[in-house]
Amino acid sequence: MDVLQFTLLVAAGSFGAGLLGSLTGLGGGVVLVPMLTLAFGVDLRYAIGSSLVSVIATSSGAASSYVREGYSNIRVGMFLEIATSIGALLGAFLATRIPTPAIAVIFGLALLYSAWDSFRSRAGEVDETPAPNLIATALRLDSSYPTEQGPKTYHVQAVPLGFGMMIGAGTLSGLLGIGSGAMKVLAMDRAMRLPFKVSTTTSNFMIGVTAAASAGIYFRKGYIDPGLSMPVMLGVLAGSMLGARILMRAQVRSLRLVFGVVLLTMAVEMIYNGVSGKL
Amino acid sequence: MNDEKVERIIGHLLRAGVILSALIVAVGGAIYLLHHAHEIPDHAVFRGEPKFSNASGRGIIMGGLLVLILTPVARVAFSLIAFTLERDWIYVAVTTVVLGLLTYGLMSS
């Protein structure tokens, strides 16, 4: 296989990862890294580096359409970006020190969580309004979002817990080169009680900043290989843009199940390769 | 300047950054492929050093990726200006901290 064939195959695979990632809402990074290491034999660190770059591209590329819908909460996002940026710096620092096989195992565990997440059905909107929270009020985090009955106000809860979970989400992002959108949504949706749609759009908004915090360290440590990152970034970006377009009408339930099986298989292989020292 | 307008400008800013970076990466990629199409790919072994200086497209690709990384940073910087104009001092402080962390990540060694 020469460079041209390698580039075209990686671009096609990345396109598929971006498409699936955006259709299922699970992001492209989590499937991209195992694909590059397991199928293309790329070093895990190069795979993580190119994945992080593609995460910035998809997050930023999609932001303008999310922002227009009026769901994302810019103050919640900015406040929590303190936590995710601290975590991302910590994660990138750890990435350069933890042995590669151990990172493969941690990645496998993150894949297991994503697989479980894709088998689970999405919880519907909780139709209760918690009382205003002291910290959230002081930080002006409360806002409203558009519904069919007009704008609906919500009160943000459990700010310290959400902040702590966001440090964890940032660390995973910096360590594994993924967006860790699932954990960000978990923090906002479950802990801070933001409406689901607000959580997912704000999470997407935050992913780019989180990834940018660790990208500088990745750059200097040589994790970002231009020959590899070029087809990965362009492929994922094109795939996720197409995915966002067909998402409006697509029936994603069965797709999520198929994707879950793929993730489960990859999780087992990543953990096996990590434990046996093949990565 | 209200929140909604700020968010719309931010959305456009992000999209412009991504498009610009993708164009630069594509141009660099085309030059890279013209020179290296028939070599053997070598991504299996990690060398642990940045490949900025290599000629024939690689440097252009890295430049495009740098534009991409700087796009969210520009977004935070713009938010800082917007919060300052709104005289929202709590968020001027919050945004300054985020910008400081991003700058640290980009500059530290």
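Reader: Why are α5(A) and α7(A) called oblique to each other?
Author: This is a predicted model, in which local features need pLDDT of at least 70 and side-chain atom pairs count only at pLDDT 80 or more, while totals for chains, interfaces and linings use all residues. Residues are numbered from 1 along each chain as its sequence is written, and chains are lettered from A and ligands numbered from 1 in the order in which they are written. α5(A) and α7(A) pack at an angle of about 125 degrees, with axes 11 Å apart. Angles under 35 degrees count as roughly parallel, over 145 as roughly antiparallel, 65 to 115 as roughly perpendicular and the rest as oblique; the two helices are therefore oblique.

Reader: Which residues of α5(A) and α7(A) meet?
Author: Ile103(A), Ile106(A), Phe107(A) and Ala110(A) of α5(A) meet Leu172(A), Leu175(A) and Leu176(A) of α7(A), where contact requires C-beta atoms, placed from the backbone, within 7 Å. The residues of this contact divide into seven nonpolar, no polar and no charged.

Reader: What makes helix α8 of chain A largely enclosed by the rest of the structure?
Author: A residue is buried if 20 or more other C-beta atoms, placed from the backbone, lie within 10 Å of its own. Nine of the 11 residues of α8(A) are buried, so this helix is largely enclosed. Among the buried residues are Gly181(A), Met183(A) and Asp189(A), and the cover includes α5, α7 and α9 of chain A.

Reader: How does the reach of α5(A) stand against the expected value?
Author: α5(A) has 20 residues and reaches 29 Å from its first C-alpha to its last, close to the 28 Å expected at 1.5 Å a residue; the expected span is 1.5 Å times one less than the number of residues.

Conventions. A residue is buried if 20 or more other C-beta atoms lie within 10 Å of its own, exposed if 12 or fewer, and partly exposed in between; C-beta atoms are placed from the backbone. Helices (H or I, at least four residues) and strands (E, at least two) are DSSP runs, numbered from the N terminus. Two residues are in contact if their C-beta atoms, placed from the backbone, lie within 7 Å. Axes are lines fitted to C-alpha atoms, for helices over the stretch in contact, and angles run from 0 to 180 degrees between N-to-C directions. Ala, Val, Leu, Ile, Met, Phe, Trp, Tyr, Cys and Pro count as nonpolar, Asp, Glu, Lys and Arg as charged, and the others, Gly among them, as polar.
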